[in-house]
Amino acid sequence: MLGLRSALAEHFGHDAFRPGQAETIGHLRRGRHTLVVMPTGSGKSLIYQLAALLLPGTTLVISPLIALMKDQVEGLAQRGIPATYINSSLSPAEQAQRLREMERGDWRLVYIAPERLRSVSFRQALQRVRVSLLAVDEAHCISQWGHDFRPDYLRIADARAALAQPLTVALTATAIPEVQDEIVRLLGLPTAARVITGFNRPNIAFEVLKAETRQDKLAALAAALRELREGAAIIYTGKRADAEEVAAHVRGELKRRAAHYHAGLDAETRSRVQDEFIAGKLPIIVATNAFGMGIDRSDVRLVLHYAVPGTLEAYYQEAGRAGRDGAPARALLLYAAQDRGLQEWFIDHDTPSLAELELLRAALARLKDTSSVALSDLVAATRIAEDKVRVGLAQMEAAGLLEHLGDSNGRMALRLRRADARALQAVATATEHWREHRRQQLDKMIAYAEARRCRRRMLLDHFGDKGPADAPSCCDNCARRGKRPLLPIAAASAPPAAVHAPRPGHRATKAEARLIALACIRAIEWSVDVARVVQVLHGSRAQDVIAYRYHENPYYGQLSHLTPGIIGRLLSELVAEGYLEVKGSRALSLPLPHSQGSGRAGRDK
């Protein structure tokens with residue numbers, strides 16, 4: 001058998017492995033199931049592609065995106081490696097032909113989407129194939145606690161069992177430790193080796209700009225694109241309408257070539273836009289989160305989030321599409337407080353309610369004992385969104401309320417099992433627990449956007465990576481601590497450099513008092529309760545003030561000549577004018593620096 005390095009050079013033209021690749025292939029050659037967690041752009045696909053050439057039989061690759069299959073199969077074909085995909089983009093006749101070729105062993109790699117595992121004809125054909133390796137790409141999609149749950153991933157364990165538990169490698173870029181545990185549990189890989197190479201992408205600089213209004217966001221976008229001298233940019237929006245509007249603005253006002261992409265476009269348009277971007281013909285794409293997974297363009301210099309994503313995992317996965325060639329790149333997040341509301345709406349509407357589950361069960365009850373039904377039939381019968389119907393069916397199946405017997409010709413064979421109202425209530429309760437988990441994940445995303453400590457360190461800590469957060473250009477917060485004035489320019493009515501701790505006994509004017517209050521909060525360097533700020537500025541000797549060393553603040557007691565009530569009203573004025581922000585119910589913090597703009601302020605698959 002060829003050595004790893006010689007096989008790498010022969011088939012892929014590389015003279016060295018990236019971190020984690022050789023280790024993982026070594027585990028697979030020894031017959032050990034393996035979980036791989038490596039950053040975006042670090043070469044996960046090469047692991048199962050090379051392993052497929054070193055193992056006998058066929059490698060079955062489960063991937064969530066048709067575009068990824070097409071791109072990888074074309075790349076393998078150029079290297080003379082026999083590979084194909086079987087998915088809904090093919091005609092029934094072509095699918096049947098590729099099934100026959102798969103059964104004959106014509107292909108070393110066969111790519112499918114997870115929903116293909118529902119197909120009766122595919123499962124029957126698979127029984128006649130020697131599957132030596134099962135590769136589960138984007139494996140985080142199996143976890144309901146992850147950021148991109150796909151119900152059909154839950155079928156993979158049953159498929160593995162039907163294939164007599166083939167050697168399996170699960171790969172992802174964005175699984176936190178809890179999701180890693182969920183992946184190996186749900187795939188049935190309790191003894192799997194874990195290869196986790198770290199999450200740091202030192203060539204990406206992380207930045208956040210506060211941009212409350214549409215004008216602020218468009219101005220920040222224009223400034224970022226002006227700095228884009230070469231390479232490509234991906235601009236992520238939270239809504240389809242925003243993707244279309246921003247792309248039109250880039251073309252019309254900024255005179256840059258751009259296109260929009262979202263799940264509402266027809267398949268032909270999505271494919272054309274994506275192909276043009278990957279081929280380097282389109283420099284800027286404005287998209288919802290429907291775009292990106294598996295996109296392999298190495299020269300993306302800028303990933304700009306026009307709105308806050310729902311989780312840090314989603315954000316880091318999308319930001320990680322920048323700089324895959326290792327050259328310097330920028331991940332810029334535009335933050336507006338109202339962005340949270342959009343994500344909360346997604347959380348509340350992504351999964352079916354108890355009432356919707358009851359509607360779905362009633363529609364299923366009207367079917368015969370074992371009936372064939374199209375997803376569109378259930379959508380029409382219940383008037384529930386298609387994504388919710390998919391999730392509801394998966395939830396009911398997982399709870400034992402429904403048996404899915406397989407798919408044929410686009411129709412599902414379903415059998416409803418008897419269940420009382422308590423069973424559906426248990427499903428709804430589990431859904432609410434999921435929603436609460438998503439709200440907690442959103443809290444972490446907002447904390448990142450509002451943070452004043454190292455953003456890279458926050459990201460690495462979130463993923464359980466305790467390694468160093470080293471980078472030539474780290475983040476805006478780290479840069480600001482070394483290079484920028486203590487007070488944001490927008491907050492001062494006088495030059496910030498003029499702000500110093502007043503002389504003892506000096507009775508500050510109102511303008512000075514405003515600056516003292518801002519400087520006091522900045523010196524604390526974390527969000528602090530309004531009442532605590534009043535105590536510090538007034539010079540309180542309360543036990544908590546001394547215990548937490550607030551009396552060491554350089555501005556402690558500098559407004560002692562004012563009453564606590566006056567200080568409180570002064571802080572309220574600063575909040576009303578936008579120089580301070582209220583987080584939660586009473587905690588104050590300085591706002592993030594504003595993007596260039598004239599004013600202050602304003603999910604897609």
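**Cysteines.** I looked for disulfides, taking one as a pair of cysteine sulfur atoms within 2.5 Å. The structure holds zero. Cys-474 is in no disulfide, and its nearest cysteine sulfur, that of Cys-454, is 3.5 Å away. Cys-478 is in none either; there the nearest cysteine sulfur belongs to Cys-475, 3.6 Å away. I then checked exposure (buried is under 20% relative accessible area, exposed over 50%, partly exposed in between; 1.4 Å probe, protein chains only). Cys-474 is buried, at 13% relative accessible area. Cys-478 is partly exposed, at 27%.

**Ground rules.** I noted that this is a predicted model, where local features need pLDDT of at least 70 and side-chain atom pairs count only at pLDDT 80 or more, while totals for chains, interfaces and linings use all residues. Residues are numbered from 1 along each chain as its sequence is written, and side-chain values use heavy atoms, with hydrogens and water left out.

**Sheet.** I took helices (H or I, at least four residues) and strands (E, at least two) as DSSP runs, numbered from the N terminus. Two strands pair if DSSP finds at least two bridges between them. What is the order of the open sheet of seven strands? I read S3-S4-S2-S5-S6-S1-S7, with parallel pairing. S3 and S7 (193-196) are the edge strands, and each pairs on one side only. From one strand to the next, the twist averages 20°.

**Strand S3.** I went along residues 83-86. Ala-83 and Tyr-85 point one way, Thr-84 and Ile-86 the other way, and all are buried. In a regular strand the side chains alternate between the two faces of the sheet. S3 pairs with S4 (residues 109-112) in the parallel sense, over four bridges. The bridge partner of Ala-83 in S4 is Leu-109. Ile-86 stands opposite Ile-112.

How does the chain get from S3 to S4? The path goes through helix H5 (residues 92-104), and this β-α-β crossover is right-handed. My test for that hand: with the strands pointing away from the viewer, the path from the first strand over the helix to the second runs clockwise. H5 lies across S3 and S4 and runs at about 135° to S3. Axes here are lines fitted to C-alpha atoms, for helices over the stretch in contact (heavy atoms within 4.5 Å). Angles run from 0 to 180 degrees between N-to-C directions.

**Aromatic rings.** I paired rings of Phe, Tyr and Trp (its six-membered ring) if their centres lie within 6.5 Å; planes under 30 degrees apart count as stacked, over 60 as edge-to-face and the rest as tilted. The count comes to eight aromatic pairs. One of them, Phe-199 with Phe-463, is stacked: 4.6 Å centre to centre, 15° between the planes. Phe-199 lies in the loop between S7 and S8 (204-210), and Phe-463 in the loop between H18 (455-462) and H19 (476-483), so the pair ties together parts 264 residues apart in sequence. Phe-199 is buried, at 2% relative accessible area. Phe-463 is buried as well, at 2%.

Next I took Tyr-315 and Tyr-448: their ring centres are 5.4 Å apart and the planes are at 45°, so the pair is tilted. Tyr-315 lies in H12 (residues 312-319) and Tyr-448 in H17 (residues 421-450), so this pair ties together parts 133 residues apart in sequence. Both tyrosines are buried.

Last entry: Phe-199, Phe-206, Tyr-316 and Phe-463 form one aromatic cluster.
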